[in-house]
Amino acid sequence: MAYVISEDCVACGTCIDECPSGAISEGDRYSIDPNSCVDCGTCADVCPSGAIAPGE
């Protein structure tokens, strides 16, 4: 199951730098491409605002 980014995202860019599969896209609120996400959880581990969690 791919990770998802909630409205708590502050668009700091930390997750983009850490994503090994390049699944995260920039925007007002960042998003994760579920087809590219390898479900490693690295993005969630480094997110300073706790805005990233496993999808359902």
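Visitor: Leaving aside its neighbours within four places in sequence, which residues is valine 46 in contact with?

Guide: Valine 46 is in contact with Thr14, Cys15 and Glu18 once those neighbours are set aside. Contact here means heavy atoms within 4.5 Å. Before we go on, please note that this is a predicted model, where local features need pLDDT of at least 70, side-chain atom pairs count only at pLDDT 80 or more, and totals for chains, interfaces and linings use all residues. Residues are numbered from 1 along each chain as its sequence is written, and side-chain values use heavy atoms, with hydrogens and water left out.

Visitor: Where is valine 46 found, and why is it called partly exposed?

Guide: Valine 46 is found in helix α2. Buried means under 20% relative accessible area, exposed means over 50%, and partly exposed is in between, with a 1.4 Å probe and protein chains only. Valine 46 has a relative accessible area of 26%, so it is partly exposed. Its C-alpha is 10.0 Å from that of isoleucine 16, which is 30 residues away in sequence.

Visitor: What makes cysteine 19 count as buried?

Guide: The relative accessibility of cysteine 19 is 19%, so it counts as buried. Cysteine 19 has its place in the loop between α1 and β2.

Visitor: And glycine 22, why is it called exposed?

Guide: Glycine 22 has a relative accessible area of 58%, so it falls in the exposed class. Its place is in the loop between α1 (14-18) and β2 (24-25).

Visitor: How many helices and strands does the protein chain have?

Guide: The chain has two helices and four strands. Both are DSSP runs numbered from the N terminus: helices are H or I with at least four residues, and strands are E with at least two. Read along the sequence, the pattern is β-α-β-β-α-β.

Visitor: Why is the protein chain called as compact as a globular protein of that length?

Guide: The radius of gyration is 10 Å, close to the 10 Å that the globule rule gives for 56 residues, so the chain is as compact as a globular protein of that length. That radius is taken over C-alpha atoms, and the globule rule is 2.2 Å times the number of residues to the power 0.38. Along its principal axes, the C-alpha trace spans about 25 × 20 × 20 Å. Buried residues make up 32% of the 56 residues.

Visitor: Which residues have the most contacts inside the largest nonpolar core?

Guide: They are Ile5, Ile24, Ile32, Cys43 and Ile52, in a core of 15 residues. A nonpolar core is a set of buried Ala, Val, Leu, Ile, Met, Phe, Trp, Tyr and Cys residues joined through side-chain atoms within 4.5 Å. In soluble globular proteins, nonpolar side chains tend to be buried together.

Visitor: What is the phi of alanine 11?

Guide: Alanine 11 has a positive phi of about 55° although it is not a glycine. Most residues other than glycine have a negative phi. Alanine 11 has its place in the loop between β1 (3-5) and α1. Aspartate 39 has a positive phi too, near 60°, and is found in the loop between β3 (31-32) and α2 (42-46).
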